[in-house]
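Have a look at the model first, then we'll go through it topic by topic.

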Amino acid sequence: MVILDLNGRRISVDKAALVAARDEAALRAASSSQLRDLSLVLDAAIGGRPVALHRNEVRSLRKLAADVGIDELIEAMREE
């Protein structure tokens with residue numbers, strides 16, 4: 001499990017779900033600097049560093065998870 005800080009609220013997310021989100025964000029990074037930044041932040045979180053996502057990163061992560069269908073991540077963020 002990986003801990004993410006979303007707007008001051010900490011959530012636990014399965015590492016595999018974050019890896020999938022990071023990989024998808026990296027694939028889409030050429031079309032969006034926000035997704036590039038998100039992929040770097042998620043990479044740091046996966047590596048064990050504590051990270052706090054900014055409001056725009058939370059929004060990008062929600063949209064990415066919904067677009068790709070990462071259900072565990074969608075559910076964890078729904079509670080936020």
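Which residue follows α3, and is its phi positive or negative? The residue is G69, and its phi is positive, near 85°. Keep in mind that this is a predicted model, where local features need pLDDT of at least 70, side-chain atom pairs count only at pLDDT 80 or more, and totals for chains, interfaces and linings use all residues. Residues are numbered from 1 along each chain as its sequence is written, and side-chain values use heavy atoms, with hydrogens and water left out.

- Leaving aside neighbours within four places in sequence, L73 is in contact (heavy atoms within 4.5 Å) with V13, L18, A21, L61 and A65.

**Helix α3, face by face**

- α3 has 14 residues and reaches 20 Å from its first C-alpha to its last, close to the 20 Å expected at 1.5 Å a residue (that is, 1.5 Å times one less than the number of residues).
- Its buried residues (under 20% relative accessible area, with exposed over 50% and partly exposed in between, using a 1.4 Å probe and protein chains only) are E57, V58, S60, L61, L64 and A65.
- Those buried residues fall within an arc of 165° seen down the axis of α3, so they line one face of the helix; the arc is taken over directions from the helix axis to the C-beta atoms.
- They pack against β1, α1, α2, β3 and α4.
- Over on the other side of α3, R55, R59, K63 and A66 are exposed.
- N56 also lies in α3, and at 31% relative accessibility it counts as partly exposed.

**α1 against α3**

- These two helices, α1 and α3, pack at about 95° with axes 10 Å apart; axes are lines fitted to C-alpha atoms over the stretch in contact, and angles run from 0 to 180 degrees between N-to-C directions.
- α1 and α3 are therefore roughly perpendicular, a label for angles of 65 to 115 degrees.
- A21, E24 and A25 of α1 make the contact with L61, L64 and V68 of α3.

Note on methods
Helix = DSSP H or I, 4+ residues; strand = E, 2+ residues; numbered from the N terminus. Parallel < 35°, antiparallel > 145°, perpendicular 65-115°, else oblique.
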